[in-house]
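Please read them alongside the coordinates.

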Amino acid sequence: MTLKIGTKKIPGEKLVLCILLTLMSCKKRHYSDQLNSQPKVSAELDFCTEQSEQSPLWSAEKVQLELQKLIDTGNFKKSGLSAYAETYKAMTAERDAERCKPGGALAPHSPQSGRVNSVLADLMSKGLVLSQTKCIQTFQDSSVRVPNIGSQLCEINYRAVNERWTALELSMASTAVYLTSVMGIAISTLPHIDALWLDTPHDSLEKRISALKVSFKPTFDSFNVFLSDNLHTVAQVLLKEKRIECSIFELAARAVGLSKAPKQLFKEIRDKTFQLGLELSRTWPKGLHPLTAGEPYWNVEKVFERFATEPPVLRALYDHGNQTVDLLKNPLLKIFKGKDTTQYVTEQGFACDLQK
């Protein structure tokens, strides 16, 4: 077989080769076109750049607005259950300013790390707001379903009400759960978010998990120091809301009876969360995590279907949350039960002046 083009005749085998080369060229150009379109997706996942209305991320302003709406929901504030949301709002404001500052302590170690960090923060902030909003509704309607990303936070609210916890206990316990099960479920989602990996060679679940371990972990770890250094921010909020008498979080960091510095404590908690979160991501085939369900982005409003048998690693993550609650909350009860906190703080040499 020959094909005549113009005045030239092309033998059959050369024609086949020509067609193959043409198809490969088209495929290559198509892939190139795809790469050229990816910066738009990348920009949509960069929290620190000006975002379009189509961006899946909440802006810094939106985060603060949604948290305030949560705090002002019904009797949430009056009941004292809003104590953690109030401290979280202040901490995210400090965090977001620092992570978008060029050369800041929380500046990402690479553009991709910045995108991963933005998505992780977005999942957790939305998870907190949505879960707490649904949880508040369960006090009036037990049929309301709370998304699994924050179901343990809802349990903490119920325990706080039933066991008459103080705002200090609630804040410490909520912090423990937020840094464990909420964060772990959010981390487990990252390898399944296809839009997050479009401009990378990481096309499989295992490649993405490996990339998170190697490339993202340094950015993730920088928040340990931030949390330790900003305990006073949390204390300021609880003082302003008249929920504590003194620099309670700085006291709490030592009251747990550990000789390690707070940043080491945060490191150990978050390291285990990171490990369990990545293990949990393997529970589902690539792209089929309950918070993605085959979509390019994520949706924290989705509720996990009931597991016939709960994955052991998910149970381990909830257990990690409960153990961290015990670590951060219970020792405080021994110290503060029946004691005047101001006198105790003075005896231990703690300063109540939080303005410095």
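1. Arg208 and Asp194 form a salt bridge through their side chains, at 3.0 Å from N to O; the term requires a side-chain nitrogen of Lys or Arg within 4 Å of a carboxyl oxygen of Asp or Glu. Arg208 lies in helix H8 and Asp194 in the loop between H7 and H8, so the pair ties together parts that are 14 residues apart in sequence. Helices are DSSP runs (H or I, at least four residues), numbered from the N terminus. Arg208 is buried at 5% relative accessibility, while Asp194 is partly exposed at 26% (buried is under 20% relative accessible area, exposed over 50%, partly exposed in between; 1.4 Å probe, protein chains only).

2. The model is predicted: local features need pLDDT of at least 70 and side-chain atom pairs pLDDT 80 or more, whereas totals for chains, interfaces and linings use all residues. Residues are numbered from 1 along each chain as its sequence is written, and side-chain values use heavy atoms, without hydrogens and water.

3. A second salt bridge joins Asp271 and Lys217 (2.8 Å, N to O). Asp271 belongs to helix H11 and Lys217 to helix H8, so this pair links parts 54 residues apart in sequence. Through shared partners, Lys217, Asp221, Lys267 and Asp271 make one salt-bridge network. The whole structure has 17 salt bridges.

How values were computed
Helix = DSSP H or I, 4+ residues; strand = E, 2+ residues; numbered from the N terminus.
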